[in-house]
Amino acid sequence: MRFVTVLRTLTLIRSTLTHILERACYILAVNILLVDDDDELCSLLTEFLKREGFTLECAHEGHQGLEMAGKPGVDLVLLDVMLPGIDGFEILRMLRRQSKVPVMMLTARGEDVDRIVGLELGADDYLPKPFNPRELAARIRAILRRYAPRPASPSSRLEVNGVTLDPGAREVFSNGKPVELTTFEFDILEMLMRSAGRVLSRDALMENFYNRKATPYDRSLDMHVSHLRKKLEHGETLIKTIRGVGYQFARSPEDAAAE
């Protein structure tokens, strides 16, 4: 009899805790916009992501997706490439003129060109279809962690080889001139500058920023480093590629010239 009473009590406690957790997820829910013309996918992801603590809105046409993505309150955009109206690339190109909202591209499996173009236009990550919803949720969380505000003291200002990075103000200057970076580019640069002179492996960088291991065909990190070089380097070398290993931020022009 006592065992039955204890079991009922534990069941009640579990039910109460579940309700509290579900309520907390609802209150703190992240608002995600899915721009995809697949009604079934939208329905499935709405239910799945709700259980993961996210809220999902769907747009099934390009112009509608662009309008919704530009509104306040959207924390992340899942963007398909092939859309009626205007395609995902054009949406991303226009969105980046007015917003830094995180964007994950959804591409057809094997379409490497789509992935490269999306990253060139400012996407944070990409995921080929078909995908495991659990992997999608993990990648969403990895992106959101990078965008979460982090306190930084004024003393943490970095100055290396003509580049100044202020973590508190989220500002970067190259030889005294301001440089506009995306959130992801800023975070990569900060990690490289804090380790200036040392080689950071692609594996370590991928684990830190994407929460997954590097693969030979995953060029997402390399594309972001390429963007950094275009914005920071003007004839000189600041970020060195160490073939087969990773990247190194040069501490000086002499360091950059050394093999």
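The buried residues of helix 4 are covered by, among others, strand 1 (30–35), helix 3 (62–69), strand 3 (76–80), strand 4 (103–108) and helix 5 (112–120). Buried here means under 20% relative accessible area, with exposed being over 50% and partly exposed in between (1.4 Å probe, protein chains only). Helices (H or I, at least four residues) and strands (E, at least two) are DSSP runs numbered from the N terminus. Please keep in mind that this is a predicted model: local features need pLDDT of at least 70 and side-chain atom pairs count only at pLDDT 80 or more, while totals for chains, interfaces and linings use all residues. Residues are numbered from 1 along each chain as its sequence is written, and side-chain values use heavy atoms, leaving out hydrogens and water.

Let us stay with helix 4, residues 88–95, whose buried residues are Gly88, Phe89, Ile91, Leu92 and Leu95. They lie on the same side of helix 4, because they cover an arc of only 160° around the axis, the arc being that of the directions from the helix axis to the C-beta atoms. At the N-terminal end, Asp87 caps helix 4, with a side-chain oxygen 3.1 Å from the backbone nitrogen of Phe89.

Leaving aside neighbours within four places in sequence, Asp80 is in contact (heavy atoms within 4.5 Å) with Val35, Asp36, Asp37, Gly88, Leu106 and Lys129. Asp80 is buried, with a relative accessible area of 7%. Its side chain makes a polar contact with the side chain of Lys129 at 3.5 Å. A polar contact is a pair of N or O atoms within 3.5 Å; within protein, one must be able to donate a hydrogen and the other to accept it, and residues adjacent in sequence count only if both atoms are side-chain atoms.

Strand 3 runs parallel to strand 1, joined by 4 bridges, and Leu34 has Leu78 as its bridge partner there. Two strands count as paired if DSSP finds at least two bridges between them. Strand 1 is mostly covered, with 5 of its 6 residues buried. Strand 1 also runs parallel to strand 2 (residues 54–59), through 6 bridges. To get from strand 1 to strand 2, the chain passes through helix 2 (residues 39–51), in a right-handed β-α-β crossover; right-handed means that, with the strands pointing away from the viewer, the path from the first strand over the helix to the second runs clockwise.

Axes are lines fitted to C-alpha atoms, for helices over the stretch in contact, and angles run from 0 to 180 degrees between N-to-C directions.

Helix 7 also lies across strand 10, strand 11 and strand 12, at about 70° to strand 12. These strands form an open sheet of 3 strands in the order 10-12-11, with antiparallel pairing. Strand 10 and strand 12 (residues 246–249) pair over 3 bridges, with Leu200 opposite Tyr247. Helix 9 (residues 220–232) lies across strand 11 and strand 12, running at about 145° to strand 11.
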